[in-house]
Amino acid sequence: MELWARELANGFANYGVTGVAMDSRQVSPGDVFVAIPGQHVDGHAFIPEAVARGAVAIVGERERETVNVPAGIPYVRVPDARRAASAISARVYGDPSRHLTVIGVTGTNGKTTTVHWIAHMLRCAGHRVGTLSSVVIDTTAKQMAAEWTTPEAPQLHRVLSEMLVAGCSHVVMEVSSHALVQHRTDDVDVDVAVFTNLSREHLDFHGTMEQYAAAKALLFRGLSADKPGAVLNSDSPYVEVMRRACLAPVVTYGVHSGDVRGQVMELQPWKTRLRIALPSAIEAEVELGHPGMYNVYNLLAAVAAARVLGVEPEAIREAISTLPSIPGRMHVLRPPDRPMIVIDYAHTPDALAQVLHAARRWTSGRIWLVFGGRGERDKGKRPEMGMIAAMLADVVIITTDSPYSEDPEMIADDILAGVKRIPDRPYEVILDRAQAIAWAIQHAARNDVVLITGRGHEPFQVVAGIRLAGTDEQLVYDALNNDAPPGAF
Ligand SMILES: CC(=O)N[C@H]1[C@@H](OP(=O)(O)OP(=O)(O)OC[C@H]2O[C@@H](n3ccc(=O)[nH]c3=O)[C@H](O)[C@@H]2O)O[C@H](CO)[C@@H](O)[C@@H]1O[C@H](C)C(=O)N[C@@H](C)C(=O)N[C@H](CCC(=O)O)C(=O)O
Ligand SMILES: Nc1ncnc2c1ncn2[C@@H]1O[C@H](COP(=O)(O)OP(=O)(O)OP(=O)(O)O)[C@@H](O)[C@H]1O
């Protein structure tokens, strides 16, 4: 930690500050308010509101004369407000990560799944484990729906301190590239860092794949040489970027290469038989009850991490036979006399391709894919996903997926440009998501599959700034109930 950040953090801890807030609407009495110059608004404009809510000190980047700080309230100007927020949060909440074994998982896809599977393996070995994922924040004493993949530093350190109080010895958490670039995790003392994979995503934020990879590599750069290690996917073209960033010992995993190696014996529609070889020459044949090659990689990442953490092979083996499903990932509904319906969270080109490859094994019939593109996010991936959809599905239904402030029709046009690159692929554009899902279910035959991707577990869409409640599962139930005779489902 830079000297200025350490001194600032110590100063606030000694000053008796009891909490940290980066958003004026979340200030509690006794907090220090950190003003962030944002992309939309300037957090410095909310200093009076923060003080009115009980902030006892302010940190910002602007000169004191240019901001409105009420008399008697200390103001500290810093070179980087996000960096300051992280340092102060860690110190004010008692540096909880130093007393926990923290496993950070980064990568474009598979973070949530890998986090929950590592946590499961550690629990099978008898540890008390907290988790932070984009589905849930679980301190073991309480569970909260997650709004972020990785929360802002104040919430992050507060939650880590709650996990410590709840008696956790380990925490497994997702670390997003946004979090790494925005210093949210700078002061989390990570012990084991895991890399799943890297493919196109968030280029609106990172600009290029090189910069995106460099952002992910920050997690490994932060891992000191005395830590148990980094766990890297050696089949990823980006493995060397992560390895170069790393001073800690490296353990790799993969199907084609790796210290922990998975050899697929049989890839069945819904499960996979594989032989896993560990560096200690221990080999075991296991059955993974989750479909797709990509889940083989998630499993190998979890196994390698568990071994680095000292989990015995027997506990790992037991854990593999009881691995949990993740809400909204490959969630299967089998209404009688209807096509099978699968809800999944694929929202990147690679994830969509992986899931469609897996889906091809489920049916000799047709795959009806219902999906959209999220607003205010990487527009370049939309035509790519459109083309993948048209290449790998039989019927493509383009719909709306949380457009935020964007026009859903324009987003659909972006996707359509990719769909049209594959000649003669049938497609429909039905912007109302409920209608799109209902249309696919009505038209698909009994032995077809309706695959609905992009929203997974998410409980709402944001349309023109308004949160519209309703999961995809609910939309499926509505479609079936409106259409089916009573009691058929
Ligand atoms: C693109 C991005 O990362 N944006 C983040 C950025 O927003 P911004 O620069 O637009 O902030 P702003 O709205 O201008 O506000 C500036 C400051 O004023 C504050 N404010 C604002 C209004 C008010 O009344 N009072 C107040 O104090 C805000 O809290 C903020 O601190 O700074 C804000 C404050 O830190 C973040 O909330 C916001 O995350 C937005 C909500 C977001 O959607 N982030 C996503 C992209 C994200 O981080 N995702 C990753 C996962 C990605 C993945 O899928 O892998 C994640 O970890 O969740
Ligand atoms: N290893 C993987 N490689 C490619 N795609 C994957 C992989 N694991 C999961 N997926 C796909 O990505 C989707 C999201 O999976 P998961 O939530 O585990 O990833 P994530 O990185 O946490 O994403 P997010 O942070 O957006 O939740 C899944 O529904 C599946 O379609």
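Tutor: A term is needed before the ligands: a residue is near a molecule if one of its heavy atoms lies within 4 Å of it. This is a predicted model, in which local features need pLDDT of at least 70, side-chain atom pairs count only at pLDDT 80 or more, and totals for chains, interfaces and linings use all residues. Residues are numbered from 1 along each chain as its sequence is written, chains are lettered from A and ligands numbered from 1 in the order in which they are written, and side-chain values use heavy atoms, with hydrogens and water left out.

Student: Fine. How many residues surround ligand 1, and which are the closest?
Tutor: Ligand 1 is surrounded by 24 residues, the closest being Gln 39, His 40, Arg 82, Glu 152 and Ser 176. By class, this shell has 6 nonpolar, 11 polar and 7 charged residues. Here Ala, Val, Leu, Ile, Met, Phe, Trp, Tyr, Cys and Pro count as nonpolar, Asp, Glu, Lys and Arg as charged, and the others, Gly among them, as polar.

Student: Which polar side-chain atom lies 2.7 Å from an oxygen atom of ligand 1?
Tutor: That atom belongs to Arg 82. The side chain of Gln 182 also has an N or O atom 2.9 Å from a ligand 1 oxygen, and a backbone N or O atom of Met 22 lies 3.1 Å from an oxygen atom of the ligand. For a polar contact, the pair of N or O atoms must be within 3.5 Å.

Student: And how much of the area of ligand 1 does the protein cover?
Tutor: On its own, ligand 1 has 1100 Å² of accessible area, and the protein covers 79% of it. Accessible areas come from the Shrake-Rupley method with a 1.4 Å probe.

Student: Which domains does that shell draw on?
Tutor: At least three residues come from each of domain 1 (3-92) and domain 2 (95-321). The domain assignment of the chain also gives domain 3 (331-481); such bounds come from an automatic or database assignment. Taken over C-alpha atoms, the centres of domain 1 and domain 3 are 43 Å apart.

Student: Changing topic: which residues are closest to ligand 2?
Tutor: Thr 112, Thr 113, Ser 134, Arg 329 and Asp 344 are the closest of the 21 residues that surround ligand 2. Its shell draws at least three residues from each of domain 2 and domain 3.

Student: What about helices around ligand 2?
Tutor: Helices H4 (111-124), H10 (293-308) and H12 (349-360) each supply at least two residues of the shell, and H12 gives the most, with 4 residues. Helices are DSSP runs of H or I with at least four residues, numbered from the N terminus.

Student: Where are the polar side-chain atoms for ligand 2?
Tutor: One, in Ser 134, lies 2.8 Å from a ligand 2 oxygen. The side chain of Lys 111 has an N or O atom 2.8 Å from an oxygen atom of ligand 2, and for Glu 174 a polar side-chain atom is 3.2 Å from a ligand 2 oxygen. Ligand 2 taken alone exposes 610 Å², of which the protein buries 96%.

How values were computed:
Polar contact = N/O pair within 3.5 Å; in protein donor to acceptor, adjacent residues only side chain to side chain.
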